[in-house]
Structure formats: C-alpha cells, structure tokens
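Please keep the structure open while you read.

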Amino acid sequence: MCAMFRRNVRDGSVALLLSTSIVASAQHPQVPTVAPETAHEQSFRDTQFGVRFKVPPGWEITRRDHEVSTFRMDARTAPPKLQLRSVVSLDFNPFPQTNLAGALVYYSVEKHAKPAECVQQAAGKDEPADSQMIGGMNFVHGHDEHGGVCVEARDEVYTAFRKGACYRFDLEMNTFCSVSSGAAEMSDDQMADIEARMTGILSTVTLDWSKTGTTPVTPPDVTQRKKLPAPAVRGGQ
C-alpha cells in the first residue's frame with residue numbers, strides 16, 4: 001500500500017483518487033465510473049503552434065504540469081528543451097476493480113529541434129518507424145513502458161517534425177502493482193478501451209496550417225507492443 005501511495009502522489013491528485021478508490025470501491029466508492037452528467041466537452045487551442053483538439057466529458061485539461069502529473073517522469077524520452085503545452089487527465093475510473101491508476105494525454109512542442117532526433121523520441125534508433133496521421137500530419141509512433149516490480153507506466157509516443165519544431169503527443173496509462181492489493185490486473189480488452197479513449201482525443205486534432213481537418217486515429221495494438229530502449233541519462237540526472 002505504501003509503494004502504491006507514493007507512486008500515485010507522483011502522478012497527481014486524479015491518479016491518487018482513482019487508485020485509492022480501487023481497493024475500497026466495493027464498500028466505499030469514491031470515484032465515479034462514468035463521466036458526470038454535468039460534464040461537457042471542452043475545446044483546446046494552442047495559438048502559438050496552431051494545434052486544436054476536443055476534450056471529452058469526464059476529462060480535465062490544464063496547461064500547467066504538476067497539477068495532475070509529472071510529465072518528465074512519465075515521458076522518459078522527452079528532451080530537456082521539450083515544452084509541455086497541455087495535459088488532459090481522465091477524471092473517472094471505468095474499471096474500479098482493476099489496478100488502473102490514471103490516464104493522461106500530453107501535448108508538447110520542442111522548438112529548434114532536429115528531424116532525426118524528433119523521430120527518435122518516438123521510435124528509438126533501432127525500431128522500424130510506425131506512422132499515424134494526426135490532423136493531416138504524419139506522426140511517428142512508438143511505445144515505452146517502465147516500472148519497478150511490475151509495469152507501472154505505458155506511454156504511446158507520437159512525434160512529427162515541422163518547420164524546425166517537434167510536435168509530440170504522449171498517451172500515458174498508469175497502473176500500480178496489484179500484488180496484495182486485492183485489485184485485478186487490467187485485461188488486454190480493458191487496456192484497449194483506455195487506449196481507444198485517449199486516441200479518440202487525437203482523432204479530434206486539427207492543425208491551423210492543414211486543410212485536411214480531423215483524422216481518425218487507430219488505437220495501438222496493446223498485445224504487440226515494442227518497448228523503447230532506456231533513454232540516455234542527461235545532465236547527471
């Protein structure tokens with residue numbers, strides 16, 4: 001329990017509420033399992049970089065880190081110059097009996113980036129490039145996961161280079177080790193459900209310079225993931 005508590009304090013208040021409710025949800029439900037009836041869709045616009053998307057009911061959005069997440073720990077391949085522009089977090093738990101701790105969609109941009117390094121953030125140096133159209137722009141897609149005793153963080157990384165800038169989306173699913181907690185491990189179908197909810201947000205992305213409009217984004221295959229190599233240590237950290 002202590003390890004789980006520390007993990008979710010790191011991931012923020014939303015993930016903390018989600019995970020602590022999992023253990024006691026059978027007797028004392030604390031987090032809704034569906035979006036509240038009063039919840040509504042929100043619109044996000046980044047005027048500086050021309051990116052827009054929709055935030056579905058039951059998800060919260062903020063432009064500041066540390067309110068619901070720790071971006072640098074979740075997005076392990078993010079370079080120091082990458083600037084977080086927004087984070088969207090799931091505010092309800094559709095699978096309260098499982099070890100789901102949270103789901104977040106990060107949008108970030110690195111100015112003065114290099115094309116090859118932008119690709120490597122998502123695909124690594126040795127993996128074949130898997131691409132996905134988002135808002136009419138071609139993004140390279142890769143997968144990263146890490147944890148201690150078990151996998152605690154799964155990150156689907158999408159990057160694209162345009163006019164000297166690297167655009168990046170991270171779909172982050174956080175879980176905790178279910179041993180001795182009474183919670184069940186998430187099934188492939190349940191993980192696929194969360195991934196589909198997150199890619200649904202990417203499917204609403206539009207780019208001010210593109211005439212393509214929204215592009216349906218295919219959820220990643222959770223049963224055929226390739227783990228990215230551990231990122232190089234930067235700055236002695």
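A residue counts as buried when its relative accessible area is under 20%. By that cut-off, C118 and C166 are both buried in this predicted model. These two cysteines are bonded to each other, and a search of the whole structure turns up two disulfides.

| Disulfide | S to S distance | Handedness and S-S torsion |
|---|---|---|
| C118 and C166 | 2.1 Å | right-handed, 75° |
| C150 and C177 | 2.1 Å | left-handed, about -105° |

What does the first pair in the table connect? C118 sits in helix α4 (residues 115-123) and C166 in strand β9 (residues 165-175), so the bond ties together parts 48 residues apart in sequence.

The C150 and C177 disulfide links distant parts of the chain as well: C150 belongs to the loop between β7 and β8, and C177 to the loop between β9 and α5, 27 residues apart. C177 is partly exposed, at a relative accessible area of 25%. Counting the bonded cysteines in sequence order, the pairing reads 1-3, 2-4.

Strand β7 (residues 137-146) also pairs with β6 (residues 130-134), antiparallel over five bridges. Here H141 of β7 is the bridge partner of D130. The β6 and β7 hairpin has two residues between its strands, and G135 adopts a positive phi near 60°.

A word on confidence: the chain averages a pLDDT of 83, and 79% of the residues score at least 70. Residues 1-28 stay under 50, with 59 contacts in the model beyond four places in sequence. Residues 233-237 are also below 50, with five contacts beyond near neighbours in sequence. Where pLDDT is low, predicted coordinates should not be read in detail.

Methods. Residues are numbered from 1 along each chain as its sequence is written. This is a predicted model: local features need pLDDT of at least 70, side-chain atom pairs count only at pLDDT 80 or more; totals for chains, interfaces and linings use all residues. Side-chain values use heavy atoms; hydrogens and water are left out. Two strands pair if DSSP finds at least two bridges between them. Helices (H or I, at least four residues) and strands (E, at least two) are DSSP runs, numbered from the N terminus. pLDDT is the predictor's confidence in each residue, from 0 to 100. Contact means heavy atoms within 4.5 Å. A disulfide is a pair of cysteine sulfur atoms within 2.5 Å. Buried means under 20% relative accessible area, exposed over 50%, partly exposed in between (1.4 Å probe, protein chains only).
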